[in-house]
2 protein chains.
Amino acid sequence: MNREYTFSFGGNLSSVRIRKHIPSLDDIISFYGSAPGNVLFVCDTHTRSIARQILGEKDAPLCEIQSGEAAKNWASVETILKAAKDAALGRDGLFVGVGGGVVSDMTGFAASIYMRGAGLCLVSTSLLGMVDAAVGGKTGFDLFGMKNFAGTFYPAPLVYMPVSSLTSLPEREWKSGMAEIIKTATLDTSDEQERFWSLLAALSRDTAEQDILVECIARSVQLKGRVVEADPKETGNFRALLNLGHTFGHALESSIGLGQITHGEAVAWGMARSCDLGLALGITPQDRREKILALLSAFGYETKTPHPLMRDTEAFMQALRNDKKKKAGSLRFIVPARTGAVLVSGEQAEPRVLARIIGGYSDCL
Amino acid sequence: MNREYTFSFGGNLSSVRIRKHIPSLDDIISFYGSAPGNVLFVCDTHTRSIARQILGEKDAPLCEIQSGEAAKNWASVETILKAAKDAALGRDGLFVGVGGGVVSDMTGFAASIYMRGAGLCLVSTSLLGMVDAAVGGKTGFDLFGMKNFAGTFYPAPLVYMPVSSLTSLPEREWKSGMAEIIKTATLDTSDEQERFWSLLAALSRDTAEQDILVECIARSVQLKGRVVEADPKETGNFRALLNLGHTFGHALESSIGLGQITHGEAVAWGMARSCDLGLALGITPQDRREKILALLSAFGYETKTPHPLMRDTEAFMQALRNDKKKKAGSLRFIVPARTGAVLVSGEQAEPRVLARIIGGYSDCL
């Protein structure tokens, strides 16, 4: 089951270790060579016990932040920075984030600005964290009601993904992570794309198939890692492909209120809208749109529009216009193509077309 | 008078342009190729008029923060980020910071985390800003009463230094900047070190000598730039040399309350203590110590210990122990050698020796 991938993100090496069990403090220390007194653990309400297991008999300061999207704010960053200061961490100290995407993003951001950058290790304990936040170095938190409005690029040199922490995945946890895996599979243009899709179809029928799950996580990590290697800071157009479903999805999250639905639910719904847009633009073939929507539905995602929680389409359109992935003032969308996906500029997506897609007329497309 | 230096800081190019006059918006835009609508100016109370001059007939959003060290906090960062959001800047937008060290540090930090990193140009209008904050990419703000506790490395690709903005340097402004120039001259080990020192000695007698001043600024910029090129993120021991006077100086600032004295006054006093420590350790020759102290005094800096504002030496020692330049839990000091300066570990500086240096027994050394 053990897998290991090493990526180079803009010259910074990042090793990802998929393991059955959680690492020990010694595993982490032996990689960094830090003294234990120079380590701060960060966890949330749900992962405190995992952090304790990593520590075992040993002792290290432990900073607990609230769990969930609501904790992705400056106050939590300050809590982590204060804990590091109280633990007398120098700039050669090590932050170990134990948790899902929120803990990864927050610990990564705090480490990146602590004395202008300290050491960072992530132990990713959620499906979403493994296939998204823990790989590629994006950190950040929400501000002014906007997702990840402030952040840095700061890849962790060492990332552990202990699949034992996924053993009894609650439904909500599944729905937060699977959408990112389906998204990555949609981007896959390798010879393995059909096999990846078949694995996902099998998984949708029996989510207890742990070997298949590990295989899907490993493929997602590899694919995401290679994309980020090619375009680490999203200055080109390559990394932007990973935002498939995110432009629509983030606007949905922002407009109905952050934390109302999981990131995965938002991305899944956004992918469905990307399929609609791609179809309207003549880029996404009808049969591919149906295949993607069917898989999303098989995992229980809402794909219909308007989304049941969306009360105000104008707020949605405003959130869309504020999207941080804009270039030269224009929105950019990623839409599935015959294989993989392509980037289209906002000009191609006329407001009239977008309004129809969001307003619920997608079936007329 | 025009000078231009281009440095490569960890692969990021940074051009420094020393000019008689302030640049125009077109000068800046032509470098970046940004549309003016995509620019946010940041200034403080004192530099609003300079920002307006740069704009000329053109219009661009302008965000004013408070001036002085007291504004180096998260609230100011948030003010800048909010202004950028309200101006609808994308991540390809450009932040132009017009001001001294505080504006440079704050604008640089805000730009570095805005949507994970936007464009940055600095127009440095103070002596301290030119020779310190504007070159080398360190950004940051104060937190928990600690100087630059949070920050990033984010070099501005373009830095303007319009010396016309120094024309009527107020006394306090002088004292904030000259200490950094003297510090840099102390580090100089090139063939030009004697000449640099002579220029400074001449300047101390007639501060109206603008040609000499420009020459001193240019040498400081060059020397600092070369040091940062060799060790951009202070992972080695080379960039640490630029902290000469800063370990003692920052502890003084923190312990008497940030903003009580200028950064330059703190650094000058800290350099005097570094000379004391170097002498006690047998590293700084007596005649070099005297030469450095004499030049600091000629510019009106307080070099005696204990500093007149220091009420509580224990608070000072605590601030010293919290210094973020620690490595492996140990403090590090930079002390002048026969030429240049060297780094010594905290173990070499016994508490007993430090206490004597701070407590005012330095003359017995």
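This is a predicted model: local features need pLDDT of at least 70, side-chain atom pairs count only at pLDDT 80 or more; totals for chains, interfaces and linings use all residues.
**Notebook: domains, symmetry and a sheet**

I began with the layout of chain A, which is divided into domain 1 (3-166) and domain 2 (171-364); these bounds come from an automatic or database domain assignment. Residues are numbered from 1 along each chain as its sequence is written, and chains are lettered from A and ligands numbered from 1 in the order in which they are written.

I found 28 residues from domain 1 of chain A and 29 residues from domain 2 of chain A in it, with contact meaning C-beta atoms, placed from the backbone, within 7 Å.

Then I compared the chains. A rotation of 180° with 0.0 Å of shift along its axis puts chain A on chain B with RMSD 0.0 Å, fitted by least squares on C-alpha atoms of residues with pLDDT of at least 70 in both. That is the relation of a two-fold axis. Of the contact residues of chain A, 100% recur in chain B, so the same surface serves both copies.

Last, I traced a sheet in chain B. This open sheet of seven strands runs β1-β2-β9-β6-β5-β3-β4 with mixed pairing; strands (E, at least two residues) are DSSP runs, numbered from the N terminus, and two strands pair if DSSP finds at least two bridges between them. I marked β1 (3-9) and β4 (62-65) of chain B as the edge strands. Seven bridges join β1(B) to the antiparallel β2 (residues 12-19) of chain B, and R3(B) stands opposite I18(B) in β2(B).

Technical notes:
Two residues are in contact if their C-beta atoms, placed from the backbone, lie within 7 Å. Helices (H or I, at least four residues) and strands (E, at least two) are DSSP runs, numbered from the N terminus.
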